[in-house]
Number of protein chains: 2
Amino acid sequence: MIVEPGVARLAEAGADSGTDAAAESTVAGIAAAIGEPARARMLFCLMDGQARTSTELALVAGVSPSTASVHLQRLKAERLVKLFVQGKHRYYSLEGPAVASALESLSVLAGGAGRKFTSSTPNRLRAARTCYDHLAGALGVALNDRFQALGWLAVESAGAAYDLTVEGSQALAALGVDVAATRGLRRRFAPACLDWSERRPHLGGALGAALLQIALKKKWVTPDLDSRALAITAVGRREMLARLGLRV
Amino acid sequence: MIVEPGVARLAEAGADSGTDAAAESTVAGIAAAIGEPARARMLFCLMDGQARTSTELALVAGVSPSTASVHLQRLKAERLVKLFVQGKHRYYSLEGPAVASALESLSVLAGGAGRKFTSSTPNRLRAARTCYDHLAGALGVALNDRFQALGWLAVESAGAAYDLTVEGSQALAALGVDVAATRGLRRRFAPACLDWSERRPHLGGALGAALLQIALKKKWVTPDLDSRALAITAVGRREMLARLGLRV
DNA sequence: ATCATAATTTGATCCTAGGCGAATTGTGGC
DNA sequence: GCCACAATTCGCCTAGGATCAAATTATGAT
């Protein structure tokens, strides 16, 4: 019997750590940083896009301030959070939308992993929530669909992003969005973001963030106790039906 | 000075572990499972979609068979890999495309984390590679674009997936893809999969897998030593130019 | 200047999780 | 039935990491 060639190749690949082993090890580092319960709690708390101080994060993580501090150091070293200092307060927030996106995608796995799809009708998070700094959940997906149906939003760059049509720009301007300013920001304008509860994309990026700001300002939605969940107000229902033809 | 209401709410949210703390903890578990270097190496090795035995995986991970065995148990418990037994061999493979997708999204973070975009011209993996069981890299994205330009592929369901047009079905049938059988499989037909090196979507799912099979069968691409990398053959260049008008 | 508060650093403790070798189980070939 | 091989389980060791209390640094208020 002859030794299978495949095994020899595998051994070689294992010993050869020059190719993309570096990339793999960073992935392991990042995953390990997320993979500590206290740190995961902090990260998910930050997924609403707000910045929080280390003592606040110590509370949500359920650890002492000193412990939280080392955790945050680790997260910062892995570039999952960033720090900005204001006087004696030090605010931590997610490093960027990409981090929120990766956390969402791990949620997809976690959600799909629990095989009980039957009675596990989740909670109010399914209806409407924030994803980093924009709308997600059933409401986020519904808005996304509605905007496309109205011809306000067009699919761009092979499905990974959207762009506003002329009509869409006018319509959003009428809602109070400063489209030109939003477009001028140094982040992607309107990328598609996969929704873990709906398994379909919703609107993210600068435009998604601007939209959430408007919705909050007009009190269409209000943050729930758990800051990621959003409650749709009576005003919101009325306005979205009248302005968008969307029944929620 | 009054205590900020936000802090009280945060403490409450921390104590209240009923809402989505369960989801967070599973995410932590999954991330921790990925976050061990040896396990990460195994997972990335499996990203080509092949099933491998525990001894093979022990080799690539650089650990003893017994150690590899407990690692694989852990990965199976977290539903990241699945096991199928054939006689005295026990083959492990990724649990599903969703796992590959999550690993890919962590790669995005790891890639973006290294701020040296200058001299870090990566390796042959950028040109063409397998992502779980379909084509990725520059070639994967180029094919995706070309199919859309040819009117073979249409964007579906708000950008998260594609579907074949009538012309596309005929064209792929001419290439040797059994479109009807592919469509009948119990997995998503043609979802968009985000490419970490190109930062744009490529074609995944059942159709993406079928396409890779054809490309391998027709020897348009051949697996490199590192099994995730693919080399484009002379035949492949000629055929893709002639049949698709794609210069690679 | 002095004090109070926010946050980190230090030091010490504890314990989980990774590691391997040896023994055990399971399967196929003879 | 017996042996060879794959794979897992067991026992033991070690190290890294999570934790907190106490001390230290930094900043703002009085």
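**Entry 1: a starting contact.** I began at S69(A), where an N or O atom of the side chain is 3.1 Å from a sugar or linking oxygen of DNA strand C. I call this a polar contact, that is, a pair of N or O atoms within 3.5 Å; within protein, one atom must be able to donate a hydrogen and the other to accept it, and residues adjacent in sequence count only if both atoms are side-chain atoms.

Before going on, I noted that this is a predicted model, in which local features need pLDDT of at least 70 and side-chain atom pairs count only at pLDDT 80 or more, while totals for chains, interfaces and linings use all residues. I also noted that residues are numbered from 1 along each chain as its sequence is written, that chains are lettered from A and ligands numbered from 1 in the order in which they are written, and that side-chain values use heavy atoms, with hydrogens and water left out.

**Entry 2: around DNA strand C.** The side chain of S54(A) has an N or O atom 3.2 Å from a phosphate oxygen of DNA strand C. From chain B, S64(B) places a backbone N or O atom 3.0 Å from a phosphate oxygen of DNA strand C. Which elements give two or more residues to the surface near this strand? They are α4 (54-61), α5 and β3 of chain A, together with α5 (65-77) of chain B. The largest share, 4 residues, comes from α5(A). My helices (H or I, at least four residues) and strands (E, at least two) are DSSP runs, numbered from the N terminus.

How many residues surround DNA strand C? I found 20, and the closest are T55(A), Y92(A), R39(B), T67(B) and H71(B). A residue is near a molecule or strand if one of its heavy atoms lies within 4 Å of it. Sugar and phosphate make up 80% of the atoms of DNA strand C that come within 4 Å of the protein.

**Entry 3: around DNA strand D.** Next I turned to the other DNA strand. There are 20 residues around DNA strand D, and T67(A), H71(A), T55(B), Q73(B) and Y92(B) come nearest. For H71(A), a polar side-chain atom lies 2.4 Å from a phosphate oxygen of DNA strand D. S69(B) has a side-chain N or O atom 3.0 Å from a phosphate oxygen of DNA strand D. R90(B) uses a polar backbone atom, 3.3 Å from a phosphate oxygen of DNA strand D. Two or more residues each come from α5 of chain A and from α4 (54-61), α5 and β3 (89-94) of chain B. Here α5(B) gives the largest share of the surface, 4 residues. Of the atoms of DNA strand D within 4 Å of the protein, 84% belong to sugar or phosphate and the rest to bases.

**Entry 4: the sheet of chain A.** I then traced an open sheet of 3 strands in the order β1-β3-β2 (chain A), with antiparallel pairing. Its edge strands are β1 (52-53) and β2 (81-86), each pairing on one side only. Two strands pair if DSSP finds at least two bridges between them. I found 2 bridges joining β1(A) to β3 (residues 89-94) of chain A, and R52(A) stands opposite Y92(A) in β3(A). β2(A) and β3(A) pair over 6 bridges, and K82(A) has S93(A) as its bridge partner. Their hairpin has 2 residues between the strands, and G87(A) takes a positive phi near 60 degrees there. As a reminder to myself, strands of a sheet pair through backbone hydrogen bonds, either parallel or antiparallel.

**Entry 5: two helices of chain B.** Last, I looked at helix α3 (residues 37-46) of chain B and α4(B), which pack at about 115 degrees with their axes 8 Å apart. Axes are lines fitted to C-alpha atoms, for helices over the stretch in contact, and angles run from 0 to 180 degrees between N-to-C directions. On the α3(B) side I noted A38(B), R41(B), M42(B), C45(B) and L46(B), and on the α4(B) side L57(B), V60(B) and A61(B). Contact means heavy atoms within 4.5 Å. This contact has 7 nonpolar, no polar and 1 charged residues.

Methods:
Ala, Val, Leu, Ile, Met, Phe, Trp, Tyr, Cys and Pro count as nonpolar, Asp, Glu, Lys and Arg as charged, and the others, Gly among them, as polar.
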